[in-house]
Amino acid sequence: MTLARVFCLLFAASAFLGAQAPPEPITIQQAVQEALANNANLLAERLNVPLAAARLVTARLRPNPVLTLDGDYLDVLGTGFSPKNNAGPAEGSARVDFAFEGSGKRAGRVAVAELAKSVAELNLQNAMRGVILDVQNAFVDVLLAKETLALAESNQKTLEGVVEANRQRAQAGEQSAADLLRARLAAMQFRNDAANAASRLHSARHRLELVMGRSAFVHLFDVKGPMRRDQEHIEIQPLRAKAQELRPDILSIMRDQARSAADLKLQLAQGKIDYTVGTQFHRQQSPTGTGNSLGLFLSMPLPVFNRNQGEVERARLEYRQLEQRLRAARNTAAADVESTYEQYAIASTMLSNLETDMLEQSRQIRRTAEESYRGGKVSLLEFLDAQRAYTDTMQSYNDARANYARSLYAMEAATGENVAH
């Protein structure tokens, strides 16, 4: 394939992609719903619920009866049965045995399976809690990357206007070539900043699509919606109570404790003996006549050695182990609440300080510096310093808004509220 054909194919592909209408931007709610439906790890976790339901079906089943068919003393070798040889008679029997489980075994199996299914459902909710937070953070990253790109492009446009004005002034002999060169270098730096911001936005969009469960990236994928900004002040004490009441990881361990207690009862019941009751119809066929008889049977194991001692002890230790896991989970939830609330308080303070003390002042200083520079009252370096200070302030403001939004989502995840409604 010649180089010209390669360029033609690349041009045709770019033209085709450009001709495609961009997809409709999605909101954060749509992103969360798509992730809950398509995230691969969540889909795998979701299968644990029907698996537990299948085990519940098995737990409800009763033992099958046993049918035994017996044929004895059959004259298949052609010996012949007669009063003379006193062989036989031929005998046949049909026997049915029914197993009767000890008290509490079937009910115990059902109770354990039902609670295990409930544990699987709560574990699924806990997995959803993590996926939702991942999507929300990735969505905020895209919004922040868009704000950063918009700021960089605005700076680039401003500097390109300054460069053009300097070029005209340099041609008229009103400005030195050195100042024009400095302005061009500054404009190049802002162009690089815009290119880096565009690259970060591209990566942020891909990360969001990944946590949403998409296997193929969508061309021109984009998001819409404001950066979250709740005005109501949040107190920490209600968050502590909510975390202990709503978090599915805590509820899962509590439900697993109930399952372990039910399992202990089941293992104690398993140590009791089962009875097998059988009945048999017996027919004898001799040369001198036939005879029919009925047999009744009762069998049971003698619990001399095995009384299920090991499983009983295992169930007791498992319950004690779950007590420690519950304690650890409660401590983890409390630490998560403290940590996320501290993030919220810091982000709220920084955002308030920027909006109150720095944002408008930075805009005014930058506006004044640009007007003064165009009027020849300040140097290019002074204007660039004001521009960079404005850029740093605006980027800090955008970062603070993003951190504030992340802290709100993190607090909802820490308390379990993001899956409680």
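## Packing of α7 against α9

In this predicted model, helix α7, which spans residues 236–246, and helix α9, which spans residues 309–374, have axes that come within 9 Å and cross at roughly 150°. Angles over 145 degrees count as roughly antiparallel, and α7 and α9 are therefore roughly antiparallel to each other. The handedness of the crossing between α7 and α9 is right-handed.

On the α7 side, the residues that take part in the contact are Ile236, Leu239, Arg240, Ala243 and Gln244, and they meet Arg330, Ala333, Ala334, Val337, Glu338 and Tyr341 of α9. Sorted by class, this contact of α7 with α9 is made up of seven nonpolar residues, one polar residue and three charged residues.

## The four-stranded sheet

The model also contains an open sheet of four strands, arranged in the order β1-β2-β3-β4, in which the pairing is antiparallel. Its edges are formed by β1, covering residues 66–72, and by β4, covering residues 289–299, each of which pairs on one side only. On average, and with direction ignored, neighbouring strands of this sheet are turned by 15° against each other.

## Pairing of β1 with β2

Strands of a sheet pair through backbone hydrogen bonds, in either a parallel or an antiparallel manner. Here the edge strand β1 pairs with β2, which runs over residues 90–100, in the antiparallel sense and over seven bridges. Within this pairing, Asp70 stands opposite Ser93, a residue of β2.

Terms used
Residues numbered from 1 in each chain as written. Predicted model: local features only at pLDDT ≥ 70, side-chain atom pairs only at ≥ 80, totals over all residues. Heavy atoms only, no water. Pairing = 2+ DSSP bridges. Helix = DSSP H or I, 4+ residues; strand = E, 2+ residues; numbered from the N terminus. Axes fitted to C-alpha atoms, helices over the stretch in contact; angles between N-to-C directions. Parallel < 35°, antiparallel > 145°, perpendicular 65-115°, else oblique. Left-handed = near helix turned anticlockwise from the far one by under 90°. Contact = heavy atoms within 4.5 Å. Nonpolar A, V, L, I, M, F, W, Y, C, P; charged D, E, K, R; others polar.
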